[in-house]
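Hi,

Here is the structure I promised to pass on. Have a look at it first, and then read on for what I found.

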Amino acid sequence: MVKEIFSASDVADYFKSKKDELLAAWREVEVDGYASDYQNIVGPFAKMVYKGMDRFKGRTVLDIGCNSGQNSIAVSFFAKEVIGCEVQNGPYMRALRSRDIVSNDFPMDHVSIEKADVREALNDRFDAILACKVLYWVGDDNVRRIRDFLKGKSDFRILIHTVPGREPVTTKIYNGMFEVNDIKSFLRDAGFETFEEWGFKSSSGHIQTCIFSEKFRN
């Protein structure tokens, strides 16, 4: 019998129990540049992200660049509805397989995976965004689109997972969207005022950070 999920530790325990099955499914899909366990399914960085999932209780969440769908599923244990959008075919196929595997244990009717760019996926149905290790890849136009969308919103929640200390890649504005202070600047420009952050530093010195922010209804 599968244990019900009420907390971040429950999420981690569940993914630990499904790790071999999920990794086997992901390996069957060829993906350039992404290892089968790119999202570190049961490691400390994944657990760091799971810590924020209960903040999305009752929300309709857009998971931007959902990759293997791991975080779309993790947040779905708390959210009302989740749409994972992924523009690359390989990760998109992995995400579909993840949803199918987990649906054997939990209802996944409220989780959809779409092969779409963030500008195609983003609309007024959402009152929350999950963006894990992705905003530095989406490019300036998409970052502006997200920011401008958020400006007009109240009662909205967002969690951004980043890897500080890198040089800009596709996204150039906000200094590439890697550093915590630059992400906070982006969020301030989008109308957010308060922030909660937590992170993890590995024994090798590798650092990753989550930033959560919330707007309340006026």
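The cover over the buried residues of helix H7 includes helix H6 along with strands S5 (156-162), S6 (196-201) and S7 (207-215). Bear in mind that this is a predicted model. H7 itself spans residues 180-189, and its buried residues are Val180, Asp182, Ile183, Lys184, Phe186 and Leu187. After H7 comes glycine 191, which has a positive phi, near 100°.

Back to H6, which runs over residues 140-151 and holds asparagine 142. Is that asparagine 142 buried or exposed? With a relative accessible area of 4%, asparagine 142 falls under the 20% cut-off, so it counts as buried. Its side chain makes a polar contact of 2.8 Å with the side chain of arginine 119. Setting aside neighbours within four places in sequence, asparagine 142 touches Asp117, Val118 and Arg119.

The other thing to look at is a helix pair. H1 (residues 8-27) packs against H4 (residues 89-102) at an angle of about 135°, the axes being 10 Å apart. That angle makes H1 oblique to H4, and the crossing is right-handed. On the H1 side the contact is made by Tyr14, Lys18, Glu21, Leu22, Ala25 and Trp26, and on the H4 side by Arg94, Arg97, Ser98, Ile101 and Val102. Sorted by class, that contact has six nonpolar, four charged and one polar residues.

Cheers

Methods:
Residues numbered from 1 in each chain as written. Predicted model: local features only at pLDDT ≥ 70, side-chain atom pairs only at ≥ 80, totals over all residues. Heavy atoms only, no water. Helix = DSSP H or I, 4+ residues; strand = E, 2+ residues; numbered from the N terminus. Buried < 20%, exposed > 50% of the residue type's maximum accessible area, 1.4 Å probe, protein only. Polar contact = N/O pair within 3.5 Å; in protein donor to acceptor, adjacent residues only side chain to side chain. Contact = heavy atoms within 4.5 Å. Axes fitted to C-alpha atoms, helices over the stretch in contact; angles between N-to-C directions. Parallel < 35°, antiparallel > 145°, perpendicular 65-115°, else oblique. Left-handed = near helix turned anticlockwise from the far one by under 90°. Nonpolar A, V, L, I, M, F, W, Y, C, P; charged D, E, K, R; others polar.
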